[in-house]
Amino acid sequence: MTCLRLLLGDQLNAGHAWFGERRDDVVYVLMEVRSETDYVRHHAQKVLGIFAAMRRFAEALVQGGHRVEYLRIGEPRNRHSFAANLDWLIPELQATRLERMEADEWRVEQALIDAFAASGLPGRVVSAGHFLLERDEAAARFARKVPRMEFFYRDLRRRHRILLDADGGPLGGRWNYDAENRAKWPGDPPAPSWPWQQHDLRALWDEITAAGVQTLGEPSAQSFGWPLTRREARAWLADFIAQRLAHFGRYQDAISGRSATLFHAGLSFALNLKLLHPREVIDAALAAYESGRADLAATEGFVRQILGWREFIRGIYWARMPGYAALNALQAKRALPAWFWSADTRMACLRAAIGQSLTLGYAHHIQRLMLTGNFALLAGCDPDEVDRWYLGIYVDAFEWVELPNTRGMSQFADGGIVGSKPYSGSAAYIQRQSDHCQGCHYRHTLRHGERACPFNSLYWHFHARHQPTLGRNPRLGMTYRSWERMSVAERAATLAQAEHYLARIDQL
Ligand code: FAD
Ligand code: DLZ
């Protein structure tokens with residue numbers, strides 16, 4: 001009797017109950033497959049990082065005495081999809097039973113449901129043991145009505161007894177320290193660089209390219225930086241807590257040309273591969289608070305990202321898929337500008353955000369939301385294209401977290417499920433939060449004219465063209481009142497400027 005247990009590239013959770021006992025009748029199977037490398041064009045570092053982490057995880061299992069079958073990308077016997085490989089592995093391993101963890105992506109979950117059913121073998125699907133809310137509970141909670149993130153987050157704080165006072169209220173008397181978390185970064189304190197690793201992954205990169213996998217961005221295979229094992233991920237977490245957590249909250253909405261990473265954690269890749277558990281990340285932050293190394297606003301601001309946003313986003317995904325992936329509430333149809341793949345634009349903020357996305361496979365949240373996402377929203381880019389770009393370019397991008405963030409939070413294509421209004425901003429926002437506007441080719445103060453910042457006219461064009469629907473949103477009342485206070489001539493010049501830019505969008 002042999003049980004085949006399938007492990008996916010984002011299921012590298014050494015703490016899972018499966019690995020607590022060594023069993024001779026269990027074979028763990030991991031596969032590098034073209035179905036996963038090719039469903040979207042990924043960043044080179046994402047493919048490298050996932051494969052390198054999978055290989056290290058498999059080696060650790062073997063060292064722990066487990067039986068492992070590992071299919072490399074270049075092996076002739078590899079048939080390049082989970083189902084096609086299971087077809088020949090089942091007889092080869094004489095498997096009499098199939099087991100797997102729940103997949104995080106709807107597409108993969110459906111493929112595995114079918115593959116397991118086709119095998120005719122008895123099987124079992126277990127929780128991946130990673131999230132704080134089980135998948136079915138999250139989906140059931142959001143099936144009819146999705147609450148605002150804030151209320152969901154308060155619920156989880158109460159349930160997990162995180163940052164509560166003796167009466168069960170929020171520590172410090174407030175649930176939310178958002179208002180203190182919006183400062184522009186003046187350059188001081190200095191933003192410590194991340195603890196990049198120096199892995200030599202050139203041999204793996206040669207295997208990937210020889211197999212014909214097409215990627216985007218820089219592989220940086222000679223000194224690959226992202227953490228690939230649990231030990232490296234733990235060290236990265238410790239570095240974040242010691243070096244950056246204290247300033248995380250205050251500067252979490254800042255953008256700067258002087259630092260690509262500011263005080264962000266850089267933990268999403270390790271978290272999404274499950275090298276780290278969200279609870280251990282939260283506990284590390286709480287311990288820093290309790291020992292006086294981070295204040296309440298910084299700690300709460302960070303906990304909200306993991307306990308609040310990360311779990312909330314996943315709940316929406318599982319409650320609303322597969323329909324969510326087709327939502328296009330604003331009927332956006334435009335192609336993404338060509339410079340999204342080259343960073344070749346005169347807009348300094350977008351040049352920096354896209355440039356670092358191509359070199360690092362990373363941009364921080366406000367760059368994703370208020371620079372690239374905001375531009376695509378204002379320009380009316382097709383959410384299918386926007387999704388493909390975000391799903392490919394970031395090392396941490398897996399559909400369960402990418403889709404509600406992109407289509408929902410950033411593009412408002414879900415019509416208000418994730419957020420109650422679109423996250424739109426003009427150059428005034430970018431000037432307030434960043435240091436990009438000084439020295440930019442464009443002028444952040446101008447709405448129209450040769451050097452007018454495109455964000456300004458596009459901002460008003462977006463609101464004007466969606467006035468029949470967004471004009472009814474009470475949270476946009478001030479925006480529409482400002483628009484209506486402008487003179488007729490000013491409005492016409494602004495809209496004409498936007499049309500001019502939209503017609504030349506690839507040349508901005
Ligand atoms: P920090 O800013 O240090 O935050 C700490 C952690 O909180 C992150 O590691 C992450 O696990 C969690 N977190 C924070 N915000 C969110 C959020 N909105 N949703 C889910 N988790 C969150 N995150 C991904 O992990 N994968 C994606 O594909 C992804 N796509 C995004 C697309 C868009 C358009 C936007 C606006 C956001 C996206 N995010 C995504 C959320 C967020 O931007 C990243 O989690 C974050 O930038 C990762 O960097 P960090 O670890 O330095 O995060
Ligand atoms: C993203 C990715 C890539 C590029 N390659 C693989 C792979 O070859 N094998 C694998 O098991 N997983 C890979 N992944 C991650 C899967 O797409 C991921 O398991 C699903 O997205 C489910 O969340």
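Predicted model: local features only at pLDDT ≥ 70, side-chain atom pairs only at ≥ 80, totals over all residues.
Which helices each supply at least two residues of the lining of the second largest pocket?

Residues are numbered from 1 along each chain as its sequence is written, chains are lettered from A and ligands numbered from 1 in the order in which they are written, and side-chain values use heavy atoms, with hydrogens and water left out.

**First stop: ligand 1**

Select ligand 1 and then the 29 residues that surround it, among which His-264, Ala-265, Gly-266, Tyr-362 and Asn-405 are the closest; a residue is near a molecule if one of its heavy atoms lies within 4 Å of it. Now look for polar contacts, that is, pairs of N or O atoms within 3.5 Å. His-264 places a polar side-chain atom 2.7 Å from an oxygen atom of the ligand, and the side chain of Asn-272 has an N or O atom 2.9 Å from an oxygen atom of ligand 1. At Asn-405, a polar side-chain atom lies 2.9 Å from a nitrogen atom of ligand 1. Taken alone, ligand 1 exposes 820 Å², of which the protein buries 99%, with areas calculated by the Shrake-Rupley method with a 1.4 Å probe.

Next, colour the helices α10 (268-273), α12 (296-320), α14 (365-379) and α16 (399-410), which are the elements that give two or more residues to this shell; helices here are DSSP runs of H or I with at least four residues, numbered from the N terminus. Domain 2 (135-192 + 244-320) and domain 3 (338-507) each contribute at least three residues to the shell around ligand 1, the domain bounds coming from an automatic or database domain assignment. By class, the shell holds 15 nonpolar, 10 polar and 4 charged residues, where Ala, Val, Leu, Ile, Met, Phe, Trp, Tyr, Cys and Pro count as nonpolar, Asp, Glu, Lys and Arg as charged, and the others, Gly among them, as polar.

**Second stop: ligand 2**

Move to ligand 2, which is surrounded by 18 residues, the closest being Asp-10, Met-31, Val-33, Glu-36 and Glu-105. A polar side-chain atom of Asp-10 is 2.5 Å from an oxygen atom of ligand 2, while at Val-33 a polar backbone atom is 2.8 Å from an oxygen atom of this ligand. The side chain of Glu-105 has an N or O atom 2.9 Å from an oxygen atom of ligand 2. Taken alone, ligand 2 exposes 480 Å², and the protein buries 100% of that.

**Third stop: pocket and cavities**

Rolling a probe the size of a water molecule over the atoms shows where empty space is left. On a 1 Å grid over the protein atoms alone, a cavity is a set of points where a 1.4 Å probe fits but cannot get out, a pocket is an open set with protein on both sides within 12 Å along at least five of seven lines, and lining residues have an atom within 4 Å of a point. Grid points are joined across faces, edges and corners, and a volume is the space filled by probe spheres set on the points.

The second largest pocket holds about 280 Å³ of space, and of its 18 lining residues Ala-14, Arg-56, Phe-57, Ala-60 and Leu-61 are the closest to its centre. To answer the opening question, select α2 (44-63) and α8 (230-243), each of which supplies at least two residues of this lining; α2 gives the most, with 7 residues.

The whole structure has 4 cavities of 30 Å³ or more, and the largest cavity has a volume of about 310 Å³. Its lining has 22 residues, with Gly-9, Glu-36, Tyr-39, Ile-50 and Phe-398 nearest its centre, and the largest share, 5 residues, comes from α2.

**Last stop: the backbone**

Most residues other than glycine have a negative phi, and most peptide bonds are trans. Select Asp-188 and Pro-189, which are joined by a cis peptide bond with omega about 0 degrees, and then Met-321 and Pro-322, where the peptide bond is also cis, with omega near 5 degrees. Finish at Leu-163, a residue other than glycine whose phi is positive, near 50 degrees.

Note on methods: Polar contact = N/O pair within 3.5 Å; in protein donor to acceptor, adjacent residues only side chain to side chain.
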